[in-house]
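Dear colleague,

I am handing over a structure that you have not worked with before, and my notes on what was found in it follow below. Please read them with the model open beside you.

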Amino acid sequence: MTSIDNHNFSFSGEVSIPQAPPEFKSGFIGIIGRPNVGKSTLMNQLVGQKIAITSPVAQTTRNRLRGILTTPVAQLIFVDTPGIHKPHHQLGEVLVKNAKNAIDSVDVVLFVVDGSVVCGAGDRFIADLLLPNETPVILGLNKIDQQPLNSELIDNSYQGLARPQQWPMVKFSAQTGAELPELQQLLVEHLDTGPFYYPPDLVTDQPERFIMGELIREQILLLTREEIPHSVAIAVDKVEETPSITRVLATIHVERDSQKGILIGKGGSMLKAIGSESREQIQKLIAGKVYLELFVKVQPKWRQSSMSLAELGYRVED
């Protein structure tokens, strides 16, 4: 991940936004799809920075995260959404509702599917959700680097999804970056002329503290995998900056004592590993030295509690 300075993240209303040149295009692009089709990896590649966490575990994305790509001719604001799936708890209901709300609030929908396998029921379910919507839709086949040599069957299955609605279809690999310039060009063509919504050097509208919490959660997903899948929430309690070091204190919230035990590990080994890997990522984020202290707190059934969800930053978005 490229090192970036602090000002590339959030900004106050005092930062000046330049006037767009004639014929400049801008707009919001909702990245929609099933869990684990590569939406966050795609947004990271498009904006050129790591702002969304990625994981082999499905349903990694929770908050609606905006990534911003500004070129000489356009400003594309990507809205990364949670994977649309059948919810099993109140957190899941909030996530899916936010993903559906995003469909109504963007200028273009980029419907991302796993192009390494044939179209499935989950893809058809999302396609049905998009039908009543008048927002332009582009169908994006990701993971073409994993396609078999003869991909005709796979491609035809998605053509069957796109053709009746006259959705343009584009193939690419978010992992390798293959064909992303073609995707970017197609997205720009679907935008109207418009202003700069954000300063040109900004890559996300989320505050740095939020990204820190997400980087910690990413390491938990990577290091614990199925043992602590989605019952984890991160609260960054304190960030103190000095000229020589940034001190970060964060609390990992889990639902059960057994999960706390797994996260701490024998002799604190797992928590130490999570802290070490997270610190490295945060140091890249702020381009400076970091002292990171992690705590683990048991908060039973927080995913089922509206109050707990709100305290931890999970609300239904407009």
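Which residues point one way from β3, and which point the other way? Ala-74, Leu-76, Phe-78 and Asp-80 point one way, while Gln-75, Ile-77 and Val-79 point the other way, and all are buried (buried means under 20% relative accessible area, exposed means over 50%, and partly exposed lies in between, with a 1.4 Å probe and protein chains only).

Before going further, please keep in mind that this is a predicted model, in which local features need pLDDT of at least 70 and side-chain atom pairs count only at pLDDT 80 or more, whereas totals for chains, interfaces and linings use all residues. Residues are numbered from 1 along each chain as its sequence is written, and side-chain values use heavy atoms, with hydrogens and water left out.

Strands and helices

The element names come from DSSP runs numbered from the N terminus, helices being H or I runs of at least four residues and strands being E runs of at least two. Strand β3 covers residues 74–80, and because seven of its seven residues are buried, the strand is largely enclosed by the rest of the structure. Strands β1 and β3 run parallel and are joined by seven bridges, where two strands count as paired if DSSP finds at least two bridges between them. Within this pairing, Ser-26 has Gln-75 of β3 as its bridge partner.

Helix α6, residues 208–224, has 17 residues and reaches 25 Å from its first C-alpha to its last, which is close to the 24 Å expected at 1.5 Å a residue, the expected span being 1.5 Å times one less than the number of residues. Because 14 of the 17 residues of α6 are buried, this helix is also largely enclosed by the rest of the structure.

Salt bridges

A salt bridge here is a side-chain nitrogen of Lys or Arg within 4 Å of a carboxyl oxygen of Asp or Glu, and by this rule the count comes to five. Among them is the pair of Asp-123 and Arg-34, whose closest N and O atoms are 2.9 Å apart. This pair links distant parts of the chain, since Asp-123 sits in helix α3 (residues 121–130) and Arg-34 in the loop between β1 (25–33) and α1 (39–47), 89 residues apart. Asp-123 is buried, with a relative accessible area of 0%, whereas Arg-34 is partly exposed at 22%.

Lys-171 counts as partly exposed at 27% relative accessibility, while Asp-155 counts as buried at 15%.

The side chains of Lys-238 and Glu-240 also meet in a salt bridge, at 3.1 Å from N to O. Lys-238 is partly exposed at 41% relative accessibility, and Glu-240 is partly exposed at 35%.

Backbone angles

Most residues other than glycine have a negative phi. Lys-143, although not a glycine, has a positive phi of about 65°; this residue lies in the loop between β5 (137–142) and α4 and counts as buried at 17% relative accessibility. Gln-166, also not a glycine, has a positive phi of about 60°; it is found in the loop between α4 and β6 and is exposed, with a relative accessible area of 73%.

With best wishes
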